[in-house]
Amino acid sequence: MPAKASRAAFGEALLELGAQDPRIVTVDADLSKSTMTAAFAKAYPGRAFNVGIAESNMIGIGAGLALAGKIPFVCSFACFVAGRFETIRMSVAYTRANVKIVGTHAGIAIGEDGYSQMGLEDIACLRALPNVPIIQPADETETKQAIAYAVEHQGPLYLRLTRQNLEPVSPPDYRFQFGKAVVLRPGSDVTILASGGPVFNCLKAAEKLEGEGVKAEVINVACIKPLDEELLVRSASRTGRVMTVEDHSIWGGLGGAVSELLAEVHPTPVKRLGVQGFGESGDPKGLYAKHGLDPEGIARSVMKFLSC
Amino acid sequence: MPSADLARLQSVARDCRVQIIRMLTHAGSGHPGGSLSVIDILTVLFGARMRYDPKRPDWPDRDRFILSKGHCVPALYALMAKVGYFPESLLITLRKLGSPLQGHPDRVMLPGIEAATGSLGQGLSMAMGIALGLRLDRRPSRVYCVIGDGESQEGQVWEAAMEAPKLGQPDHPLDNLCVFLDYNGIQLDDFVKKVLDLEPVVEKWKAFGWAVIEIDGHDLTQITKALDQAEAIKGRPTFIVAHTVKGKSVSFMENNPEWHGKAPKPQEGIRAIREILGVAEGDWAGYLDRHPETAAIVRELGALEKK
């Protein structure tokens, strides 16, 4: 399976699911070529609505469509949908509208466009809403299954997708389960909890660490809300050290969620790896290296974490 | 409108005004001014126009109503009680712990509420989405929405204003959508003209492509006629500019920004009810003797003062 962006996998999944379920509609705000709903719009022209560069209105229209029995996917860049937090809060979350919010272009991995287009605080914002689950798939297989799940899920949901291609990480028999995390590589010395784009790099880092005698357990946390408490606590209690890795601010994202959970139910030393401060323009590889999200940086952080 | 219908609607509006004052006085907080300015519009909608079944609030072919200016929900609660969504006795639980009558509308706690509103500027977008969804399914339902004039300062209102006449075109135009502007001229801080004037309102909505009708929002006949007109307009949504008076029917509240978001004290509430019912001070005792239901409300409010 070649590497594929989760936004591209989303576009393909939607095209397929759209044929089976006529309730599925899309609402975009002039980014349908980037969010990859353009193919759906072409295949089902009466079911795709581009409302112009007006994200608040897009989210509100999505809520209304959901109240009328549709299953709307409202799509824009992660930073722009989360920027309309208050509309999501009232029109979607509190209204309990069955809206699927899709935020693409997650993280610094979008590279050259720079900070203004990078979704870096979206998880932190939306995680505060009582009834909005957050799913961030790590490869094509997981994305397609997560999208299929989103259609079935009753109630709002946030899907965080990447612009960049993602190497396959899921096992061949993988089945996405809501609220479940998956051990991709077992280990006993440290738990690496990763989500989305950096998952593949964590597996690479675990290989490097193996060479240095460190057995890292790598867990793909696709479901950031709700967390798989059972698996996470089990792994943390076995390894005694937990590192979170994400292409998102270290404040309030996966690292925040895991820290909150473990502090309450199983206090464990946690190291959060992610983005601190604003992003910037640059090539994605260089940015990942700068923020320590490349395999070398992750391995380095693990060694440092284990030595203190 | 036949005079018997008009008299019935006038009586409904009057009763609802009394209930608005009653529930706000009980709650000790809330928004009387805008509730009193919007009540005649809601009276015609719920009393004569919309198709709904209080026993089946999820009936797919019901007409929808969204109060985008959610802080005026006491007016909506008064109508909902009047037409049978819940008993009138529930009205005095407004804003109290555990009550489905939240300070601003909650869709889940109170069946019949179509959307959570109260954060201004959002209701119209949701109303558009519902109208589109109904059109896609070829349902006959109409969607009504009331926005406020102060609310119209929100940017999302204008995103919606620009999009609604285009959304769903050409196969599913939103001519099932009818929006009222409760143009009472006052917002929380001051007169709308002083804070951020909306004029020229009619020209603005026309320029965006809406069919625009201008009426006196307290004239039940004009409201009815405007709704007739709106139903006959094809191919685009209708925007009704309803000129209203904030605090309508209560002399000391009328056109006074102080009464945007302040509940009457018990004696003020009683006086407001007397004025709504059009009874002179000297005739009040006799009126209460002849109208035990009003007398009960007055006793109830009087008792609040002693608490």
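Here's a walk through a sheet in chain A and a helix pair in chain B, both taken from a predicted model.

Let's start with chain A. Its open sheet has seven strands, and if you read across them the order goes β3-β2-β4-β5-β7-β6-β12, with mixed pairing. At the edges sit β3 (48–50) and β12 (223–225) of chain A, each of which pairs on one side only. Further in, β4 (residues 71–77) and β5 (residues 100–104) of chain A run in the parallel sense, paired over five bridges.

Helix α1 (residues 6–20) of chain A packs on it, touching β2 (24–28), β4 and β5 of chain A. The direction of that helix makes about 140° with that of β2(A). Helix α8 (residues 140–152) of chain A packs on the sheet too, and its contacts are β2, β4, β5, β6 (134–135) and β7 (157–160) of chain A.

Over in chain B, have a look at helix α1 (residues 3–27) and helix α3 (residues 73–83): their axes come within 9 Å and cross at roughly 120°. Angles from 65 to 115 degrees would count as roughly perpendicular and those over 145 as roughly antiparallel, so α1(B) is oblique to α3(B). The crossing is right-handed.

Who makes the contact? From α1(B) the residues include Val12(B), Ile20(B) and Leu24(B), while α3(B) brings, among others, Pro74(B), Tyr77(B) and Leu79(B). By type, the contact residues split into ten nonpolar, one polar and two charged.

Note on methods
Residues are numbered from 1 along each chain as its sequence is written. Chains are lettered from A and ligands numbered from 1 in the order in which they are written. This is a predicted model: local features need pLDDT of at least 70, side-chain atom pairs count only at pLDDT 80 or more; totals for chains, interfaces and linings use all residues. Side-chain values use heavy atoms; hydrogens and water are left out. Two strands pair if DSSP finds at least two bridges between them. Helices (H or I, at least four residues) and strands (E, at least two) are DSSP runs, numbered from the N terminus. Contact means heavy atoms within 4.5 Å. Axes are lines fitted to C-alpha atoms, for helices over the stretch in contact, and angles run from 0 to 180 degrees between N-to-C directions. Angles under 35 degrees count as roughly parallel, over 145 as roughly antiparallel, 65 to 115 as roughly perpendicular and the rest as oblique. A crossing is left-handed if the near helix is turned anticlockwise from the far one by less than a right angle, and right-handed if clockwise. Ala, Val, Leu, Ile, Met, Phe, Trp, Tyr, Cys and Pro count as nonpolar, Asp, Glu, Lys and Arg as charged, and the others, Gly among them, as polar.
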